Amino acid sequence: VQLQASGGGLVQAGGSLTLSCAASGRTASTYGMGWFRQAPGKEREFVASISRSGGVTYYADSVKGRFTSSRDNAKNTVYLQMNSLKPEDTAVYYCAANTNSGTASFILRNSNWYTYWGQGTLVTVSS
């Protein structure tokens, strides 16, 4: 499966952005989907994830209450709505597909369970 992330850009603190991740090559509903980010000089970290059906979601504590992950399986697309953005949210955001059918936290929050990765989209939040 190929993943194409888009929607990044420059936004002021307090603003909003919506990232999209379009899947091709195989039906997106086959995969749990995750969002990860990597800031300059830092390790990649988990941001959010959503199960195949969309019924289970997980969020990093740093984004809980501000970010929302959703999916439209008919469009093979996953979304990350980001509100109340902070300068510390600045990073390259990656979407990834998890081939495991489980919905447990240790599966959907751990990058090691993700097989396919998109190319990343840059989000810059100015103060």
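In what order do the four strands of the open sheet lie? Select β1, β3, β8 and β7, which form the sheet in the order β1-β3-β8-β7 with antiparallel pairing, where strands are DSSP runs (E, at least two residues) numbered from the N terminus and two of them pair if DSSP finds at least two bridges between them. This is a predicted model, in which local features need pLDDT of at least 70, side-chain atom pairs count only at pLDDT 80 or more, and totals for chains, interfaces and linings use all residues. Residues are numbered from 1 along each chain as its sequence is written, and side-chain values use heavy atoms, with hydrogens and water left out.

Between β1 and β3 (residues 17-24), five bridges make up an antiparallel pairing, and A5 stands opposite C21 in β3.

Now select L80, M82 and Y93, which touch the most other members of the 35-residue largest nonpolar core, a set of buried (under 20% relative accessible area, 1.4 Å probe, protein chains only) Ala, Val, Leu, Ile, Met, Phe, Trp, Tyr and Cys residues joined through side-chain atoms within 4.5 Å. The largest share of this core, five residues, comes from β9; the strands that each supply at least two residues include β9 (91-98), β8 (77-82) and β11 (121-126).

Finish by selecting R37, Q38, K42, E43, R66 and D89, which are among the residues lining the largest pocket. The lining of this pocket divides into one nonpolar, three polar and eight charged residues, with Asp, Glu, Lys and Arg counted as charged, Ala among the nonpolar and Gly among the polar.

Conventions. On a 1 Å grid over the protein atoms alone, a cavity is a set of points where a 1.4 Å probe fits but cannot get out, and a pocket is an open set with protein on both sides within 12 Å along at least five of seven lines; lining residues have an atom within 4 Å of a point. Buried means under 20% relative accessible area, exposed over 50%, partly exposed in between (1.4 Å probe, protein chains only).
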